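Dear colleague,

I am handing over the structure below for your records. Please look through it before reading the notes that come after it.

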Amino acid sequence: MRNHLAPEQEDESVNETIQYVTIFISGQLFGLPINRVHDVFVPESVTRVPLSQVEIAGVLNLRGRIVTAIDMRKRLGLEPLKQQGNMMAIGIEFKEESYGLIIDSVGEVLDLNESSREAVPSNLDHRWADVAAGVHRLEKELMVILDVDRVLGDMVTTSVAA
Amino acid sequence: MDDLLREFIEETNESLDVVDVELVKFEQEPNNAQILDNIFRLVHTIKGTCGFLGLPRLESLAHAAETLMGKFRDGAPVTGESVSVILMSLDRIKEIVSELEANESEPIGSDEDLIDQLDRLSGIGKYAGQGTSVMDLAGEDDASEPVAEVAEEAPVAQKPVEEATHEVYQVLERELKAGEVSLDELERAFREAEGPEGFDVAQSAKEAAEAAIADAAAQKRMGKTPVTKAPAKAPVAKAKKEEPKAEKEPKSGGGAHQSIRVNVETLEHLMTMVSELVLTRNQLLEIVRRHEDSEFKVPLQRLSNVTVELQEGVMKTRMQPIGNAWQKLPRIVRDLANDLHKEIDLIMIGQDTELDRQVLELIKDPLTHMVRNSADHGLENGEERVAMGKPAKGSIILSAYHEGGHIIIDIKDDGRGIDTEKVKAKILKNELATEAELEKMSEQQINKFIFAAGFSTAEKITNVSGRGVGMDVVRNNIELIGGSVDLKSVPGKGSTFSIKIPLTLAIVSTLLVEASGDRFAIPQLSVVELVRVQNNSEHKIERIKDTPVLRLRNKLLPLIHLSNLLGIDKNEDHDISLDDNGFIVVMQVGAQNFGVVVDAVFHTEEIVVKPMATMLRHLSMFSGNTILGDGSVIMILDPNGVAQAFGSHVGTDVEAGKEEAEKQALPEEKNTVSLLIFRAGSPEPKAVPLSLVTRLEEFEIEKIEFSNGRDMVQYRGSLMPLVQVNDFVQRRTEGSQPMLVFSDAGRSMGLVVDEIVDIVDEQLNIEVSSEVPGVLGTAVIKGKATEIIDVGHYLPQAFEDWFHRKEMSEEDLLVKKLLFVDDSSFFRNMLGPVLKAAGYEVTVCSSGAEALAVLERDPSYEIVVSDIEMPEMNGFELCEAIRRQPATRDIPIIALSSLCTPAAIERGRQAGFNDYVAKFDRPGLIASLKEQRIELGVAA
């Protein structure tokens with residue numbers, strides 16, 4: 001559904017810009033296409049779900065909807081955040097269900113030209129490579145594009161397999 | 001699908017259900033004209049609508065049935081046979097209607113068989129001689145004029161019909177069915193017939209055509225013209241019904257409609273919205289509760305009341321009387337009674353009891369099955385009953401009533417009751433329980449086995465029941481909707497099945513509890529009671545081994561802490577806070593009772609179940625989640641999942657225990673080992689890995705014989721040499737002598753000890769290796785320095801060829817990873833500790849394949865010791881395989897074999913073994929290991 005992110009389409013969309021919501025996870029800058037982001041919220045009173053996959057932080061109530069919270073640090077195989085005080089979450093819709101990606105913090109919204117986008121480096125940790133749709137070369141740092149469908153899709157399939 | 005057709009199908013289905021019930025009633029009260037009128041009217045309507053929609057097959061069948069019923073109305077005797085045939089015809093109509101629903105057209109087929117029977121019973125058609133003529137019949141009908149007219153034209157219409165049926169062979173390549181007309185025929189009839197004025201062309205054409213056919217049929221019935229083989233006799237009354245229908249329409253339109261049809265989806269949506277409203281209301285109430293003097297209080301109270309009413313109202317729209325689910329039962333029971341030659345009275349009480357339609361749908365099939373069961377298995381036949389002093393007519397009483405938030409449905413029969421002995425025999429036969437277990441069970445408990453999978457007590461498999469899938473499916477279906485089923489049976493008096501189901505699935509009353517700081521909701525339906533436990537109160541948790549149980553009214557209730565069940569222990573301690581004061585939620589799921597220990601119990605709350613996210617749906621422990629009044633999300637426990645986990649948890653505990661014991665036998669790092677502690681010759685404890693010991697025995701002193709210079713006992717048909725751990729072991733002079741028996745390959749040895757002290761699970765860490773023969777070293781076990789006995793030292797004392805022992809060589813303390821492969825568990829267990837004592841971290845594999853897998857995962861092993869003679873993959877093959885892998889190519893491998901011929905050694909060298917050691921030459925092995933390491937060290 002987001003063909004403009006597929007590498008083979010890169011050339012055609014050289015002049016196209018996409019807006020990304022930038023987020024930080026363990027110091028790394030990530031970007032999410034803004035059209036996939038429904039909310040940015042502070043995850044509060046997350047209810048643990050025993051026996052669930054480790055990446056699932058729990059479930060929470062977001063304005064009357066039950067949202068499944070995904071701990072992105074665990075999803076990416078990172079150490080948990082030391083001070084859990086001011087975490088943020090990105091609200092995502094996936095297959096008509098609501099999910100919240102728990103991250104460290106949210107940055108600004110960037111308009112990025114497709115020309116600065118590159119494919120995922122082949123030597124990237126597979127847990128990252130699996131969920132990355134590309135990398136943007138920014139002036140100061142690199143921004144990894146998060147492929148939301150793969151972040152969640154893989155988890156749904158593994159849960160069914162389990 | 002055409003709206004008209006859909007409406008017809010819905011209406012017809014409803015009418016048919018009613019007719020079913022009414023007919024059974026009518027059979028019992030043949031003089032009740034009101035019932036008959038009702039039936040007649042319904043069938044008539046079906047028939048009329050069929051004609052209107054052009055469904056000739058249905059129409060002709062309905063017509064024939066109607067004709068027969070018309071005879072009843074005229075005073076013909078109502079026989080069981082005629083009712084059966086009418087019922088069969090109704091079944092056929094249902095079949096056709098369901099086909100119609102699926103394919104939007106009538107299925108191909110003939111109803112000649114039934115029509116023929118119906119005609120015979122009403123004495124018309126070929127049976128006209130026996131009864132009234134078709135003209136008389138037509139005359140009885142109010143709207144008979146068109147028919148009569150058409151009938152007069154009979155000679156004209158006769159020929160076309162004949163032609164039509166011949167033409168049909170060319171056009172349709174099949175015979176015409178009752179009421180079917182070819183196009184040619186239709187056109188001709190159209191031309192010939194004088195249609196009533198005011199009808200549109202098509203309709204008149206159709207009518208005319210049908211009239212023509214009807215006419216031909218009438219002719220045929222009168223026996224005048226045996227026209228063709230095609231059964232064109234049925235639709236006599238075709239034309240007449242259009243008119244009454246047309247007249248009726250405006251009339252009924254004028255009357256006030258008391259009910260409307262609403263799409264189920266609309267109701268579902270309403271229900272969801274109301275659920276949301278309830279949740280929001282709960283949240284608001286919670287907020288206001290925190291602010292004492294809120295101006296919102298009063299309006300919120302009002303909102304709350306309105307919400308409650310709205311909720312009830314919407315719930316009501318979903319409610320249907322349970323009688324709807326029972327509708328088919330009288331018919332089923334009647335047919336059963338006929339089939340089984342029993343007299344059965346079905347009494348239904350509380351048909352008006354309402355429950356959610358979703359639940360109703362789900363309960364229908366289980367109910368039907370249970371009633372069938374009662375009729376088939378429960379009730380005796382007439383003679384048996386009379387012989388037992390009961391009335392010949394058995395009765396099944398079906399009753400429904402509300403109790404709390406549940407509905408209870410009882411199915412009670414006055415039959416023979418459940419034959420517990422038969423059930424027992426079946427349990428044993430199907431190995432559902434052992435005899436010993438059965439001994440301990442009450443009759444009721446045993447009877448409940450009929451709900452077990454694959455259980456059926458019927459000796460004969462009938463088409464009625466006894467297919468062996470019955471009751472467990474019933475139970476599953478009921479449990480699926482959060483219900484339970486119970487059974488009471490008195491031999492000779494009958495049995496009662498009680499089904500308890502929630503009124504609705506959307507809103508559940510739950511008990512909120514806490515475990516390890518998290519809250520969970522338990523559906524109240526399955527909660528029997530709450531027990532508070534305190535160490536000093538009468539209710540306290542006791543333990544059998546590590547299994548916690550509770551004495552509750554002279555019964556033992558198995559317990560589990562919710563935290564353990566959900567794997568959310570805060571601390572490592574296994575049964576946290578089980579000793580502390582806590583609450584036990586006593587739950588019942590089906591026949592299973594168990595206690596779930598929780599840290600705290602809050603209150604009950606009506607909650608709206610929300611489905612879980614796809615990612616969580618595989619968790620069988622939860623049925624859903626919801627938002628509580630305080631806005632937090634809570635997980636709802638699924639009692640059935642808990643019950644299942646409960647059963648399997650206890651089961652896996654045992655399994656895990658076994659596995660662990662096996663694992664523990666392997667002296668791997670960090671693994672605990674089961675050790676047998678004993679005393680021999682000194683007060684200090686000695687230990688030996690329990691897995692090495694075949695059994696513990698005590699032999700009477702008199703049994704010990706002295707022969708060939710040593711002690712022997714006769715053991716299992718052969719002589720077993722006895723060896724003392726040391727010379728200080730007290731040889732008893734009377735009583736019996738304890739000993740440890742070691743066996744391998746059919747040979748046994750008894751190791752004489754003073755006293756067997758204990759079996760403990762400890763990490764085996766030999767801290768000080770020993771130079772005393774027969775002692776591997778010393779380890780701290782249960783806080784005491786304990787000598788670990790080297791069994792290998794004693795075995796050659798019993799059998800010199802077992803292997804002989806040399807001094808343990810001292811090793812440097814560097815831990816090296818060693819992979820040991822041997823298919824014999826005895827050698828694995830024996831050499832494991834030896835190698836460990838020699839300073840290796842040992843991983844043990846029982847096959848070549850396993851070893852390769854381990855090496856693939858972790859190629860960092862520094863040495864491999866492998867047996868040669870192993871099944872599937874022998875040592876040579878294993879060695880070659882290891883050498884093939886680049887990662888493991890350079891690992892030294894030592895062969896260990898009882899086969900030490902020069903040829904074998906050569907073969908080993910070729911395969912790539914670094915050394916070849918005889919299996920019993922343990923010092924040789926240690927020396928070889930040392931050698932390899934030195935070599936490795938040099939190389940590195």
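This is a predicted model: local features need pLDDT of at least 70, side-chain atom pairs count only at pLDDT 80 or more; totals for chains, interfaces and linings use all residues.

The interface between the chains

Chain A and chain B bury about 2000 Å² between them, and 66% of that area lies on carbon and sulfur atoms. To this contact chain A brings 24 residues and chain B brings 27 residues. On the side of chain A, the residues that lose the most area to chain B are Arg48(A), Pro50(A) and Ile66(A), which together account for 29% of what that side buries.

Arg48(A) also takes part in a salt bridge with Asp518(B), in which the closest N and O atoms are 2.9 Å apart. The count of salt bridges between chain A and chain B is one.

A helix pair in chain B

Within chain B, the axes of helix H3 (residues 56–73) and helix H5 (residues 112–122) come within 9 Å and cross at roughly 20°. Angles under 35 degrees count as roughly parallel, so H3(B) is roughly parallel to H5(B). The crossing in which H3(B) passes H5(B) is left-handed.

From H3(B), the contact is made by Ser60(B), Leu61(B), Ala64(B), Ala65(B), Thr67(B), Leu68(B) and Lys71(B). H5(B) contributes Leu114(B), Ile115(B), Leu118(B), Asp119(B), Leu121(B) and Ser122(B). Sorted by class, the contact of H3(B) with H5(B) comprises eight nonpolar, three polar and two charged residues.

With kind regards

Terms used. Residues are numbered from 1 along each chain as its sequence is written. Chains are lettered from A and ligands numbered from 1 in the order in which they are written. Side-chain values use heavy atoms; hydrogens and water are left out. Axes are lines fitted to C-alpha atoms, for helices over the stretch in contact, and angles run from 0 to 180 degrees between N-to-C directions. Helices (H or I, at least four residues) and strands (E, at least two) are DSSP runs, numbered from the N terminus. Angles under 35 degrees count as roughly parallel, over 145 as roughly antiparallel, 65 to 115 as roughly perpendicular and the rest as oblique. A crossing is left-handed if the near helix is turned anticlockwise from the far one by less than a right angle, and right-handed if clockwise. Contact means heavy atoms within 4.5 Å. Ala, Val, Leu, Ile, Met, Phe, Trp, Tyr, Cys and Pro count as nonpolar, Asp, Glu, Lys and Arg as charged, and the others, Gly among them, as polar. Buried area is the accessible area (1.4 Å probe) that two parts lose on being put together, summed over both. A salt bridge is a side-chain nitrogen of Lys or Arg within 4 Å of a carboxyl oxygen of Asp or Glu.
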